[in-house]
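Trainee: Please show me the structure, and then I will ask about it piece by piece.

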2 protein chains.
Amino acid sequence: MKKQEVKALQQFIEKYVTIPEADWRLITKSFRKRQVKRSEVILESGKVCRHLYFLESGLLRYFIVKDGEEKNKFFTIAPYFFTSQYSFNNQTPAKETIQAIEDSIIWETTLEKNHQLLELSSWNQFAQKITQEVQFFTEEILEELQTETAENRYLKLLNSQPELLQRIPLKHLASYLGIAPQSLSRIRKKVMTRHRS
Amino acid sequence: MKKQEVKALQQFIEKYVTIPEADWRLITKSFRKRQVKRSEVILESGKVCRHLYFLESGLLRYFIVKDGEEKNKFFTIAPYFFTSQYSFNNQTPAKETIQAIEDSIIWETTLEKNHQLLELSSWNQFAQKITQEVQFFTEEILEELQTETAENRYLKLLNSQPELLQRIPLKHLASYLGIAPQSLSRIRKKVMTRHRS
């Protein structure tokens, strides 16, 4: 694996912890690069998640099918780590499906390799920080869902991650917000009119 | 501190990891026991959370005030660990308030002491497992909120934690489910009628 190639992975990890050169060699060896096409399913619900992934570029959605309808739980935007945590850690069937919304580059490692990596104190620290950060994000989404209207949640996204809203198809965003695509269109129009005036 | 006293804490931790005797002495020394009365506020929103807690007995709620209204995020039922994770880890003001719903017994340790404990591989492992479990719980609540009606969420709680429903006041449960107390009363009556027939 060329050094250049793993740069995105390295840069991401080093925002959280400093990795000694020796550890870095083991980490690099443990990951394998893969290209996924738009709409490609990375993990299907009902299957056991066998990998921990790093999303180098692209965008994903997590969804569950409920009464025949796809409901988006959340989105992962590069660069970030992802997996189906419960399924991966307990090797049980996943409840959600993970699908690429855009052509994406992902890096994957296995449970066994991750266990080896967790012996390194650098990787262990990194894993703890990421788990905690994911917990904060999840709690934030939960809190917003419990306290905010769909319109306010849309406005918050528009302020905090405007480029994300450009990249997520309307129907997926509407499903995430828990409203019909038509309602989201109405909110969008309302917001645009307000911005113009 | 008498050995008897820390038994609940020890039993809880040992469900997750095995703690060597030497480590156990440091853990025990790091926690301080406190009694809290029903309605007592353990952490107030806007204040920095200075402790990691173990709830030995009792019941708590996490809530945020939004437009003058208290919204319950979740409940913690003994025995379990709790804190305001983001506030505790980053020493920033907490968004939520943590309040006892029942007279409770809690054990608390500080950020500094927890950092010392995290040097122990036993405690470190325990902390990782708990953080991950909390993440699973949070994701589960989020998923239910995104995919289930309030009535179905009530029914799931009734099946999985019937004794919890006995202990949480109706208004707090309604706020957690995101509905008016009157709506929850209607759902309860409906369910009871169904069970009788």
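The questions below go through the model from the pairing of strands to single residues.

Trainee: What kind of model is this, and how is it numbered?

Mentor: This is a predicted model, in which local features need pLDDT of at least 70, side-chain atom pairs count only at pLDDT 80 or more, and totals for chains, interfaces and linings use all residues. Residues are numbered from 1 along each chain as its sequence is written, while chains are lettered from A and ligands numbered from 1 in the order in which they are written.

Trainee: Which element of chain B gives the largest share of the side that touches chain A?

Mentor: Two residues are in contact if their C-beta atoms, placed from the backbone, lie within 7 Å; helices (H or I, at least four residues) and strands (E, at least two) are DSSP runs, numbered from the N terminus. The contact takes 22 residues from chain B and 22 residues from chain A. Strand 4, strand 5, helix 3 (85–90) and helix 5 (121–147) of chain B each give two or more residues to it. The largest share, 14 residues, comes from helix 5 of chain B.

Trainee: Why do the copies meet through the same surface?

Mentor: The comparison is between the interface residues of chain B and those of chain A.

Trainee: In what order do the strands of the open sheet in chain A run?

Mentor: Two strands pair if DSSP finds at least two bridges between them. Strand 1 (32–36) and strand 6 (80–82) of chain A are the edge strands, each pairing on one side only. Five bridges join strand 1 of chain A to strand 8 (residues 104–110) of chain A, and A:Arg34 stands opposite A:Ile106 there. With antiparallel pairing, the order of the four strands is 1-8-3-6.

Trainee: Which residue in the hairpin of strand 4 and strand 5 of chain B takes a positive phi?

Mentor: Strand 4 (residues 59–66) and strand 5 (residues 69–77) of chain B pair in the antiparallel sense over eight bridges, with B:Arg61 opposite B:Phe75. Two residues lie between the strands of this hairpin. The residue with a positive phi, near 50°, is B:Asp67.

Trainee: Is B:Asp67 buried or exposed?

Mentor: A residue is buried if 20 or more other C-beta atoms lie within 10 Å of its own, exposed if 12 or fewer, and partly exposed in between, with C-beta atoms placed from the backbone. B:Asp67 has 6 C-beta neighbours inside 10 Å, so B:Asp67 counts as exposed.

Trainee: Which residues of helix 8 of chain B are buried?

Mentor: Helix 8 of chain B covers residues 170–177. Strand 5, helix 6 (150–160), helix 7 (162–167) and helix 9 (181–196) of chain B are among the elements that cover its buried residues. Those buried residues are B:Leu173, B:Ala174, B:Ser175, B:Tyr176 and B:Leu177.

Trainee: What separates the centres of the two domains of chain A?

Mentor: Chain A is divided into domain 1 (4–146) and domain 2 (148–197), with bounds from an automatic or database domain assignment. Ten residues of domain 1 are in contact with nine residues of domain 2, and strand 5 of chain A gives five residues, the largest share of the domain 1 side. Taken over C-alpha atoms, the centres are separated by 26 Å.

Trainee: Which residues does A:Glu144 touch?

Mentor: A:Glu144 lies in helix 5 of chain A and counts as partly exposed, with 15 C-beta neighbours inside 10 Å. Not counting residues up to four places away in sequence, A:Glu144 touches A:Arg153 and A:Lys156.

Trainee: Where in chain A is the residue A:Pro79 found?

Mentor: The peptide bond from A:Ala78 to A:Pro79 is cis, with omega near -5°. A:Pro79 is found in the loop between strand 5 and strand 6 of chain A.
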